[in-house]
Each structure stands twice: as C-alpha cells, then as structure tokens.
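Here's a quick tour of one model, looking at how some of its pieces sit against each other. Have the structure open as you read.

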Amino acid sequence: MISEDLDLRELTEELKRALGHGEPIGYLRGKSMMRDTLVHMKGFSELEAEELVDTLELRGFLRFLGDPSERSVADAPWEFTPHA
C-alpha cells in the first residue's frame, strides 16, 4: 500500500535525478525503467512502483511525449514535471 504522505513532487525529482541522462525512451520501456528504478531506489514492491508510475502519469508529474498507439512515435521520451 502506498502511503498518502508520499510527496509525489519529491518522488518525481528523485526519479529524474536517478535516471539522469538515461531518461526513459518508449512508452512501455520507459514505464518499466521507472518502475524498476523505484523498486531499487525506494524499496517499493514492483506492484507498488507500477501503481506509483501510473499515478505520477495521471497526475501530470510524468508525461509521455509520443503516442504509444502509433509505432512511429512510440519511441519518444518522457517528460518529468515535478511542479505539476
């Protein structure tokens, strides 16, 4: 279970710093990379980390800059917006 006290802005900043210049590319590959980073960095379970990535995306902290349904832009990068 994810704590309601979790600061999503700070978590987004930490995730951005942890990934550095190897920012996630691709919709599914990017989500998997961010999930795995949260598992290793914060000790979340894979399910918790996956839910967190989904929550960050839904709340506008993470934004995929392509269209996952179109192959030609499925390899686009993600944008981190800690101030969302």
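## Two helices crossing

Helix 2 goes past helix 3 in a right-handed crossing; a crossing gets that label if the near helix is turned clockwise from the far one by less than a right angle, and left-handed if anticlockwise. Helices here are DSSP runs of H or I with at least four residues, strands are E runs of at least two, and both are numbered from the N terminus. Bear in mind that this is a predicted model, where local features need pLDDT of at least 70 and side-chain atom pairs count only at pLDDT 80 or more, while totals for chains, interfaces and linings use all residues. Residues are numbered from 1 along each chain as its sequence is written, and side-chain values use heavy atoms, with hydrogens and water left out.

The packing angle between helix 2 and helix 3 (residues 46-58) is about 125°, and their axes are 8 Å apart. Axes are lines fitted to C-alpha atoms, for helices over the stretch in contact, and angles run from 0 to 180 degrees between N-to-C directions. That makes the two helices oblique to each other, the class left over once angles under 35 degrees (roughly parallel), over 145 (roughly antiparallel) and 65 to 115 (roughly perpendicular) are taken out.

## Who touches whom

On the helix 2 side, the contact involves Tyr27, Lys31, Met34, Arg35, Leu38 and Val39; helix 3 brings Glu46, Ala49, Glu50, Leu52, Val53, Asp54 and Glu57. Contact means heavy atoms within 4.5 Å.

The whole structure holds 3 aromatic pairs. Rings of Phe, Tyr and Trp (its six-membered ring) pair if their centres lie within 6.5 Å, with planes under 30 degrees apart counted as stacked, over 60 as edge-to-face and the rest as tilted. Tyr27 and Trp78 are stacked, because their ring centres are 5.4 Å apart and their planes sit at 20°. Tyr27 belongs to helix 2 (residues 27-42) and Trp78 to strand 2 (residues 78-80), so this pair ties together parts 51 residues apart in sequence.

Trp78 is buried at 2% relative accessible area, where buried means under 20%, exposed over 50% and partly exposed in between (1.4 Å probe, protein chains only). With Phe64, Trp78 makes a tilted pair: centres 5.3 Å apart, planes at 55°.
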